[in-house]
Amino acid sequence: LDTEVEMDICDFFFFQAEDGIRDAQESRGLGDVYKRQVLDLIKIKCLRKRIAVLSLLFFVGDYSYNGIIYAINDIGNNIYLNGVLFGFSEIIGFLIGGLVANTMKRKTSIFIFFFASSVCYFLFFIPFDDYIDANILGQDLAEMIPGLLAMTARLLLSTIFVVLYVYANEITPTQVRGIAIGLVNLFARFGSVSSPTVNHYSKMNGIPVMLSYGLLNLLVALIAPFLQETAGDMLPDNFSSLEKQSSPEEKLCAVEN
């Protein structure tokens, strides 16, 4: 009896959700729902732009976030200590991310944290060994600095991922939110799987791997001021509700489509 009740409850919520996103007379099933959602993401101009930008943000974030792990052998002398510090930095970053998501504007936070992480990556190019020879830095401190920079970059990217997931939900309508989040997560996975390959070929060709991390983080930081601001806005339920969001360009886009 309990199993039958559970099945009835599951069926109720499933069909309620499905009925909310498809026409029962025209749809051929749930696969048709997903096909329509993908087509909606493609044919509506403002959604195309939003998903393209989100995909880039997620790609760069995951590429840099995971790539620093593959460079752990080149950061300091103690890879085990670095691993522990990375773990702590992630925990702190996620906690800070919750605070940032509740207190800061989305564009501001995306710009600040991506820009700060790019600075951390570029600081790897400072020849700290020269400062040891000049007796400006002690050897122990100079060996710790790369690990601290990597830990800080990891913390900043952990923070920004919290903001990005909130932002992705705020910027896509309920009708296509599930497929949109899945799509940008796909690009995030592309970033994570490409980072070890880039790291390997960078070492083979003598190219500093931190250069790509720094440049890409700087790129998305410069894009951030042009993003749609969604902090404090109501979540868009459908395509027509896109007109209610703050940007005049987005309103025009929603009306035209």
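Two residues are in contact here when their heavy atoms lie within 4.5 Å, and this meaning holds for each of the views below. The model is a predicted one, in which local features need pLDDT of at least 70 and side-chain atom pairs count only at pLDDT 80 or more, while totals for chains, interfaces and linings use all residues. Residues are numbered from 1 along each chain as its sequence is written, and side-chain values use heavy atoms, with hydrogens and water left out.

View 1. Helices (H or I, at least four residues) and strands (E, at least two) are DSSP runs, numbered from the N terminus. Read from the N terminus on, the elements follow the order α-α-α-α-α-α-α-α-α-α. The protein chain holds 257 residues, of which 41% count as buried, where buried means under 20% relative accessible area, exposed means over 50% and partly exposed lies in between, with a 1.4 Å probe and protein chains only. Among the contacts between residues at least 6 apart in sequence, 77% join residues at least 24 apart.

**View 2. Helix 8 meets helix 9.** The residues that meet are Ser195, Val198, Asn199 and Ser202 from helix 8, and Val209, Ser212 and Tyr213 from helix 9. The two helices pack with their axes 8 Å apart and at an angle of about 135 degrees; such axes are lines fitted to C-alpha atoms, for helices over the stretch in contact, and the angles run from 0 to 180 degrees between N-to-C directions. That angle makes helix 8 oblique to helix 9, since angles under 35 degrees count as roughly parallel, over 145 as roughly antiparallel, 65 to 115 as roughly perpendicular and the rest as oblique. By class, the contact of helix 8 with helix 9 has three nonpolar, four polar and no charged residues (Ala, Val, Leu, Ile, Met, Phe, Trp, Tyr, Cys and Pro count as nonpolar, Asp, Glu, Lys and Arg as charged, and the others, Gly among them, as polar).

**View 3. Helix 5 packs against helix 9 in a left-handed crossing.** The axes of helix 5 (residues 106-122) and helix 9 (residues 209-223) come within 8 Å and cross at roughly 160 degrees, which makes helix 5 roughly antiparallel to helix 9. A crossing is called left-handed if the near helix is turned anticlockwise from the far one by less than a right angle, and right-handed if clockwise. Among the residues that make this contact are Phe111, Phe114 and Tyr121 of helix 5 and Met210, Gly214 and Leu218 of helix 9. The residues of the contact of helix 5 with helix 9 divide into 12 nonpolar, four polar and no charged.

**View 4. Helix 3 and helix 8 cross in a right-handed way.** Their axes come within 7 Å and cross at roughly 40 degrees, and helix 3 and helix 8 are therefore oblique to each other. The contact of helix 3 with helix 8 includes 14 nonpolar, eight polar and three charged residues. Ser194 is found in helix 8, and, when residues up to four places away in sequence are not counted, Ser194 touches Phe59 and Tyr63. From C-alpha to C-alpha, Ser194 and Tyr63 are 7.0 Å apart in space, although they are 131 residues apart in sequence.

**View 5. Ile110 and Phe114 sit in the largest nonpolar core.** A nonpolar core is a set of buried Ala, Val, Leu, Ile, Met, Phe, Trp, Tyr and Cys residues joined through side-chain atoms within 4.5 Å. Of the 41 residues in this core, Ile110 and Phe114 touch the most other members. Helix 3 (45-70), helix 4 (79-103), helix 5, helix 7 (139-171), helix 8 (177-204) and helix 9 each supply at least two residues of the core, and helix 7 gives the most, with 13 residues. Leaving aside neighbours within four places in sequence, Ile110 is in contact with residues including Leu57, Leu164 and Leu227.

**View 6. Ser109 and Phe113 are two residues of helix 5.** Ser109 is buried, with a relative accessible area of 1%, and Phe113 is buried too, with a relative accessible area of 11%. Not counting residues up to four places away in sequence, Ser109 touches Val100, Met104, Ile160 and Val163, whereas Phe113 touches Val100, Met104, Leu156, Thr159 and Ile160. Phe113 and Ile160 are 47 residues apart in sequence, and their C-alpha atoms are 6.3 Å apart in space.
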